[in-house]
Amino acid sequence: MRDKLIDAAIKAMDNAYAPYSNFHVGAAILDESGEIHYGGNVENAAYPNGICAETSAMAAMVAAGGRQIVEIAVAGRGEVLCTPCGGCRQRIREFAQPETAIHICDESGLRQSFTLEALLPANFGPDNLV
Ligand code: THU
């Protein structure tokens, strides 16, 4: 399943719309029903209106009825690992658990896996509001 998720993230990276940064990112999510949802970054001529790949994938998941991130893969190129930005870590938190795996990959496959807790320690989430 992890390989399928990585393949979906790479496909989304290839389809990303990133004419300004030329930095293509893809993300794929396995939800609680076993469905895979994916998305790429979508940039905009008015730069701040661009959205990240992880956010695209989460929007696709929610639109399809998914509410839990079981695993997520993020694909991006470059020397440095393409880990989710701060805003996306918080958005992932909404639908994930501390132990949820975040797999960072590129065309060569898996590069490194993290837990959400490792990327966003002592986080604020839905539990804070009950
Ligand atoms: N980007 C993502 O899609 N996800 C991240 O977690 C980091 C950054 C995108 C945003 C922008 O389109 C491009 O990468 C360069 O920052």
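User: Is glutamate 107 buried, partly exposed or exposed?
Analyst: This is a predicted model, in which local features need pLDDT of at least 70, side-chain atom pairs count only at pLDDT 80 or more, and totals for chains, interfaces and linings use all residues. Residues are numbered from 1 along each chain as its sequence is written, and side-chain values use heavy atoms, with hydrogens and water left out. Buried means under 20% relative accessible area, exposed over 50%, and partly exposed in between (1.4 Å probe, protein chains only). With a relative accessibility of 46%, glutamate 107 is partly exposed.

User: Which residue does glutamate 107 meet in a salt bridge?
Analyst: A salt bridge is a side-chain nitrogen of Lys or Arg within 4 Å of a carboxyl oxygen of Asp or Glu. For glutamate 107 the N to O distance is 2.6 Å, and the partner is arginine 77.

User: Where do glutamate 107 and arginine 77 lie, and how many residues apart are they?
Analyst: Helices (H or I, at least four residues) and strands (E, at least two) are DSSP runs, numbered from the N terminus. Glutamate 107 sits in the loop between β4 (101-106) and β5 (109-115), and arginine 77 in the loop between β3 and α3. The pair links distant parts of the chain, at a separation of 30 residues.

User: What is the N and O distance between aspartate 14 and arginine 77, and which parts does the pair tie together?
Analyst: The closest N and O atoms of the aspartate 14 and arginine 77 salt bridge are 3.4 Å apart. Aspartate 14 belongs to helix α1 (residues 2-14) and arginine 77 to the loop between β3 (69-76) and α3 (86-95), so the pair ties together parts 63 residues apart in sequence.

User: Which residues are linked in a network of salt bridges?
Analyst: Arginine 77 pairs with aspartate 14 and also with glutamate 107. Arginine 77 is partly exposed at 36% relative accessibility, as is aspartate 14 at 46%. The network consists of Asp14, Arg77 and Glu107.

User: Is arginine 93 buried or exposed?
Analyst: Arginine 93 forms a salt bridge with aspartate 127 (3.7 Å, N to O). Arginine 93 is in helix α3 and aspartate 127 in the segment after α4 (116-119), 34 residues apart. Aspartate 127 is exposed at 58% relative accessibility. Arginine 93, at 9%, is buried.

User: How many salt bridges does the structure hold?
Analyst: Among them are aspartate 14 with arginine 77 and aspartate 127 with arginine 93. The total is 4.
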